[in-house]
Amino acid sequence: MVNSNDESLDRSQLVKGVLDLAVLSALSQEDGYGYDVVRRLRSAGLVDVAEASVYGTLRRLFATGMLTSYVVASDEGPHRKYYGMTPVGRDSIAAQRDQWVAFCEVINTIIKTKEDN
Amino acid sequence: MSTNMETAIEFANKVRVELSHLTTEQIADLTDGLEADIASSLDDGADIGSAEKYATDLLAAAGMSKDIDVVPNVVDVFIKKVLRWSLSISDLAPAWWVFRAWVATQLTGFALFHEETGSPAFYEWNNRPFLGFVLFVVLVVLSICVGRMNIGKLKSVVLLSHVVLGVGATLIMFGSPRTHDWFMYSSGSQFPTTTVQGFTPNCLTHEVPNASGLLVRDAQVIIDSAQLDYFFFNPEYGTLNVVPQESVVVNQDPAPGTLLCTNQQVKLWVEWIPHIDPLTKTTVLPEDSEATTTTTVKLKATTTTSP
C-alpha cells in the first residue's frame, strides 16, 4: 500500500508517472465517473492519490481519444460524467503495461545488484 | 439538494474562478460534472482542500499547466480578485442572519408600541430594553437556525419573509411621519419653509395651521411646530395672559393656509371662560372645584405685529 509519510513527495512523483496506466486500468472492467475511479484506485492501495489529479487525467485521456465520455442526469442535482474505454485506450493499456513491467524488471535488477554487492 | 451538494457547487465555482485565465471551453472541459464528484467526495468525509490547490492539480494532471501565464495579466488578476470577492460574499451569511434579526426586532417593537410611545422608529424598545434584548436574542437564534437549515421547498417562504422585512423597514424609515420628523430634527433641519416675493418680501414664511376647534394645549403644539408665535384673545376681555388648557379655540386670525413670516403671530380666539378674572387676567377657580382639575398655560408672547 502506498501511504503518505515523509517520502510522500517521491511517491507522488511515482504515482504521477503511472497515473495514466492506473486510471485506464481502473476503467478497463467497468465504466465509472470521476470519484468512482478515485475510489477504485484508493481501494486498490493508492490511498493518497489526489482527486483533482485523477479528474485532470481523465480529461486528458478523453482528449487524446483513450476514453469515451457520456453524461448521466440526476434528479438530485448536477449530472455525472461517466468515462469508458475506447479501443485506442485498450491498446494503450497493453502497451503501457508492457512498458511498466519492463521498467520494474530493470529497477528490480538494479536493486538486486546493489543488494548482492 | 443536500448540504454537501450545495458545498460542492460552491467549491466548483471557486475552482472555475481559479481557472478563469483559460477559455470558456477549456474551463467547461475541465470542470464538467465536477460538482457531483466533489459531492461524492464530501459524502465520504474527504477533505477537498483549497480551490486554488485543486485547480492547480487539475490543470497539471490535464496537461494544461503550460496555459498558465508565467506573469499573470493584470486584468486577469483583477477579474479573478473580483470573482473571488463575489463568491466570498456568501461567507458574510452570519452577519446577515444577525442583521435580519435586528430588523425583525425593530419591526416588532414598532408594531407593538409605536402608538403607545410615539417614539421614532428604531427607538421603540428604549422603554423596555431587557424585553427588547431578549426578543433580539431569540430572533437571532431563530435566524441562524433558518440560515443553517436546508430550506429546500421553503425557499420561497424565506424569500417572502425577507421581502416583508425589507418593505416593513422601508415603510418605517420613510412612511412614518414621526420617524420622518425625527430624521429631520436629528439632522439639524428645520421644517419646510419657503421664501416668497411680493406681499411679504424676502422673509422666511410659514403656513398657518388650522387650530380652530382644538383644545388650547393642542393648538399650542400645532402652531409651535409651524414655528409661529401666537396669542389668545377673547372678544370680551381682549388679550389673555393665562388660559386654561381645556379651553377651546373657536376661531383664528389669519385663516389656515395663510403665509406668515417667522415670529409673526396668530390670533387665537378662545371661548368665554367664566373662570378667568378679566381684570387680573389670571385663572379664577370656582370655589367648589379642586386646584388640580384646571391647569394653565403660560403664553409665549403677548404682543402683536402686523405682516
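Select helix 3 of chain A, residues 51–63, together with strand 2, residues 67–74, and strand 3, residues 77–85. Helix 3 of chain A lies across strand 2 and strand 3 of chain A and runs at about 120° to strand 2 of chain A. Contact here means heavy atoms within 4.5 Å. Axes are lines fitted to C-alpha atoms, for helices over the stretch in contact, and angles run from 0 to 180 degrees between N-to-C directions. Helices (H or I, at least four residues) and strands (E, at least two) are DSSP runs, numbered from the N terminus.

This is a predicted model, in which local features need pLDDT of at least 70 and side-chain atom pairs count only at pLDDT 80 or more, while totals for chains, interfaces and linings use all residues. Residues are numbered from 1 along each chain as its sequence is written, chains are lettered from A and ligands numbered from 1 in the order in which they are written, and side-chain values use heavy atoms, with hydrogens and water left out.

**The sheet of chain A**

Three strands of chain A form an open sheet in the order 1-3-2, with antiparallel pairing; two strands pair if DSSP finds at least two bridges between them. Strand 1 and strand 2 of chain A are the edge strands, and each pairs on one side only.

Zoom in on Tyr83(A) in strand 3 of chain A. Gly32(A) has Tyr83(A) as its bridge partner, and Ser69(A) also stands opposite Tyr83(A). Beside this residue, Tyr82(A) is the bridge partner of Tyr33(A).

**Where the two chains meet**

Now display both chains and select the residues in contact. The contact takes 19 residues from chain A and 23 residues from chain B. The two chains bury about 1700 Å² between them, 51% of it on carbon and sulfur atoms. Buried area is the accessible area (1.4 Å probe) that two parts lose on being put together, summed over both.

Twelve residue pairs are in polar contact between chain A and chain B, both residues being at pLDDT 80 or more. A polar contact is a pair of N or O atoms within 3.5 Å; within protein, one must be able to donate a hydrogen and the other to accept it, and residues adjacent in sequence count only if both atoms are side-chain atoms. On the side of chain A that touches chain B, the elements giving two or more residues are helix 2 (34–44), helix 3 (51–63) and strand 3 (77–85) of chain A. Helix 3 of chain A gives the most, with eight residues. The residues on this side divide into seven nonpolar, five polar and seven charged. In this division Ala, Val, Leu, Ile, Met, Phe, Trp, Tyr, Cys and Pro count as nonpolar, Asp, Glu, Lys and Arg as charged, and the others, Gly among them, as polar.

A salt bridge is a side-chain nitrogen of Lys or Arg within 4 Å of a carboxyl oxygen of Asp or Glu. For one of them, select Asp44(B) and Arg39(A), whose closest N and O atoms are 2.9 Å apart. Asp44(B) lies in the loop between helix 3 (34–43) and helix 4 (51–61) of chain B and Arg39(A) in helix 2 of chain A, so the pair joins two chains.

**The sheet of chain B**

Move to chain B, where four strands form an open sheet in the order 4-3-8-6, with mixed pairing. Strand 4 (238–240) and strand 6 (249–253) of chain B stand at the edges, each with a single partner strand, so one side of each is left without a neighbour in the sheet. The twist averages 40° from one strand to the next.

Select strand 3 (residues 229–234) and strand 8 (residues 265–270) of chain B: they run parallel and are joined by five bridges. Asp229(B) has Gln265(B) as its bridge partner, and Phe231(B) has Lys267(B). Strand 6 and strand 8 of chain B pair in the antiparallel sense over four bridges, with Gln252(B) opposite Leu268(B). Helix 10 (residues 216–225) of chain B lies across strand 3, strand 6 and strand 8 of chain B, at about 150° to strand 3.

Finish at Pro254(B), in the loop between strand 6 and strand 7 (259–261) of chain B. The peptide bond from Asp253(B) to Pro254(B) is cis, with omega near 5°.
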